[in-house]
Amino acid sequence: FVAMIVLCIEGCHGCGKTELVQEFEKAGYWVLDEAFLDMPEYALHPQSLLMETQWVCSWFTRLLKKEHESRLTGEARNQIFIADRSPYSAVFYASKGHLLEPVIREQIKEVVTAAGIEVYTVYLKVEDDILWYRIQDRLKQEPWREKYNEGSREWMDTTVNFYKSREWDFTVENNHLTIAQVMSQVVARISATSVRFSSSPLTQKVQLRSSASPLSVSTNHHHEECSNPQGSPGKAMMDSC
């Protein structure tokens, strides 16, 4: 059985994650962002392996609580949530974060087997030159993002290389389409994989009104282990993307 479906939007800062999440929200989907986790502050650096491990576990715990709440209230099953980033972000931002990857992979298997929660990762990919232009343009409007090192092309390249080195459940390009078209492509591809997702009234509504052109999209349900780059500016940057 499937009680919940969670689509996690991943990608480099400036790739359009927040805009895509907002587009899903406008279409009627429920959205989970990092605000739904109330993480305490301790002496340990938030990038430490221990703190990132706690963040990952809290992420899954919140999903389990939502599934439990829906059963208690008798809400309809097959609920669909959109999340800004996934637990795999911790692999990139944590010191020795590569140690978390196999744990996260097993946790995803457990929640679908034991609780009926399907978790899919969607990598929003943008060509490097287009991405850098968008980042620079956004910095003109929001210069405070400089504190997250977003003005550094080297940091962008490091982040992009991390995403390119991994295999995500779905990879969707966001170069020249409108954000509504990108959402339609995500919906179409996941619908082809998940019957529960495709049977949702929201999904069917999006598909009916979709007029997007074909887009090159790859799917893969295997996650490869990848080491974490050193010296990243911190997971606080995730809130800004």
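Ring pairs join Y88, F92, Y93, Y123, W155, F162, Y163 and W168 into a cluster. Rings of Phe, Tyr and Trp (its six-membered ring) pair if their centres lie within 6.5 Å; planes under 30 degrees apart are stacked, over 60 edge-to-face, the rest tilted. The model is predicted: local features need pLDDT of at least 70, side-chain atom pairs count only at pLDDT 80 or more, and totals for chains, interfaces and linings use all residues. Residues are numbered from 1 along each chain as its sequence is written, and side-chain values use heavy atoms, leaving out hydrogens and water.

**Aromatic pairs**
- The whole structure holds 15 aromatic pairs.
- Y123 and W168 form a tilted pair, because their ring centres are 6.3 Å apart and their planes stand at 45°.
- This pair links distant parts of the chain, 45 residues apart: Y123 sits in strand β4 (residues 117-125), W168 in the loop between α6 (153-164) and β5 (170-173).
- Both Y123 and W168 are buried (under 20% relative accessible area; exposed is over 50%, partly exposed in between; 1.4 Å probe, protein chains only).
- W144 and Y148 pair edge-to-face, with ring centres 6.3 Å apart and planes at 80°.
- W144 is partly exposed at 45% relative accessibility, whereas Y148 is buried at 16%.

**Charge over a ring**
- R166 lies over the face of W168, 5.0 Å from the ring centre (the cut-offs: NZ of Lys or CZ of Arg within 6 Å of the centre and within 35 degrees of the ring normal).

**Overall fold**
- The protein has 9 helices and 6 strands (DSSP runs: H or I, at least four residues; E, at least two; numbered from the N terminus).
- Of its 241 residues, 51% are buried.
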